[in-house]
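This report describes the architecture of one protein chain for a reader who is new to structural analysis. Please keep the sequence and the structure in view while reading.

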Amino acid sequence: MYVMRKPKKKKLYPIQYAFVTGIDMGLRYPIYIFNSYGHFYPITKPYELIEYADHFRDMINRAKSKEERKVIREFRDKHFDAITTIIANTIVSYCPPFSVIAVEDINYSMEWTKMIPIRELYSKIKIRANRIGISVIRVNPINSSNTCPRCGRIDKTARDKARHLFVCKSCGLTCNDDAIAAWNIHNRGYIEAFNRIYENTINGYNPVVLTKGPNISMESIIPD
């Protein structure tokens, strides 16, 4: 006797009509995310990969011949393909389908990004995102760490690079500087994608930081 089986239920995702995930390639955190739910995600996972990339750079610098450097570079390039894939997958995993990723259009000579093939990273983010209906836009990051995302004041003195701290002298917003950059990149991407201002940037709005534990108020992430 034939018994008709019920089809398995597929996991359905709601279409995000106006949802952006802002990505900052930071200093204290390699990747800092702010999204349209008003959530921060400081991601430290790539640090191990970045240290691995730095190890290859040291090996190349210590090489005693061109042939030795060539062999090390070839070996490094094979590993870098895996490194950029892991970082791209990590970023996209924080983004819901059918939304928008606004990623910092980075200066290729700055900080840890010069250790990895950053153009390849952008390419892999786009390929991985497009598979689940996510659009990717690159945002100009100028003054993203010096602009208050809540009131719009631009002030380079508001940022304390040594403490990775941003304090707005106008509205009093206090936050980690990488988080501020991610928030501003999100806001700029939101305007570019939907031609309107992100609503929760005014009226004293305070996002939260999401980690494996409970939600943490943004004031709690000020470094010691």
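Helix 4 covers residues 177–194, and its 18 residues should span 26 Å at 1.5 Å a residue, which agrees with the 26 Å between its end C-alpha atoms. The expected span is 1.5 Å times one less than the number of residues. Helices (H or I, at least four residues) and strands (E, at least two) are DSSP runs, numbered from the N terminus. The model is predicted: local features need pLDDT of at least 70 and side-chain atom pairs count only at pLDDT 80 or more, while totals for chains, interfaces and linings use all residues. Residues are numbered from 1 along each chain as its sequence is written, and side-chain values use heavy atoms, with hydrogens and water left out.

Helix 4 is mostly covered, with 13 of its 18 residues buried. Buried means under 20% relative accessible area, exposed over 50%, and partly exposed in between (1.4 Å probe, protein chains only). At the start of helix 4, a side-chain oxygen of N176 comes to within 2.8 Å of the backbone nitrogen of D178. After helix 4 comes N195, which has a positive phi near 55°.

**The chain as a whole**

The protein chain contains four helices and 10 strands. Their order along the sequence is β-β-β-α-α-β-α-β-β-β-β-α-β-β. Of the 224 residues in the protein chain, 46% are buried. Contact means heavy atoms within 4.5 Å; among contacts between residues at least 6 apart in sequence, 62% join residues at least 24 apart.

Is strand 4 enclosed or open? Five of the five residues of strand 4 are buried, so the strand is largely enclosed by the rest of the structure. On one side V100, A102 and E104 are buried, and on the other I101 and V103 are buried. In a regular strand the side chains alternate between the two faces of the sheet.

Two strands pair if DSSP finds at least two bridges between them. The table lists some of the pairings in this model.

| Strands | Bridges | Direction |
|---|---|---|
| Strand 1 (residues 20–24) and strand 4 | Four bridges | Parallel |
| Strand 4 and strand 5 (residues 135–139) | Five bridges | Parallel |
| Strand 7 (residues 165–167) and strand 8 | Three bridges | Antiparallel |

Strands in the order 6-7-8 form an open sheet of three strands with antiparallel pairing. Strand 6 (159–160) and strand 8 stand at the edges with a single partner strand each, so one side of each has no neighbour in the sheet. In strand 8, N176 stands opposite L165. T174 also lies in strand 8 (residues 174–176) and counts as buried because its relative accessibility is 17%. A polar atom of the T174 side chain lies 3.2 Å from the backbone oxygen of G172.

**The nonpolar cores**

A nonpolar core is a set of buried Ala, Val, Leu, Ile, Met, Phe, Trp, Tyr and Cys residues joined through side-chain atoms within 4.5 Å. The largest such core has 26 residues, and those with the most contacts inside it are I23, I31, I91, I101, L121 and I125. Helix 2 gives the most to this core, with seven residues. Leaving aside neighbours within four places in sequence, the contacts of I23 include I31, I91, I101 and I185. A second, separate core of 21 residues includes F34, A102, L173 and I185.

Note on methods:
Polar contact = N/O pair within 3.5 Å; in protein donor to acceptor, adjacent residues only side chain to side chain.
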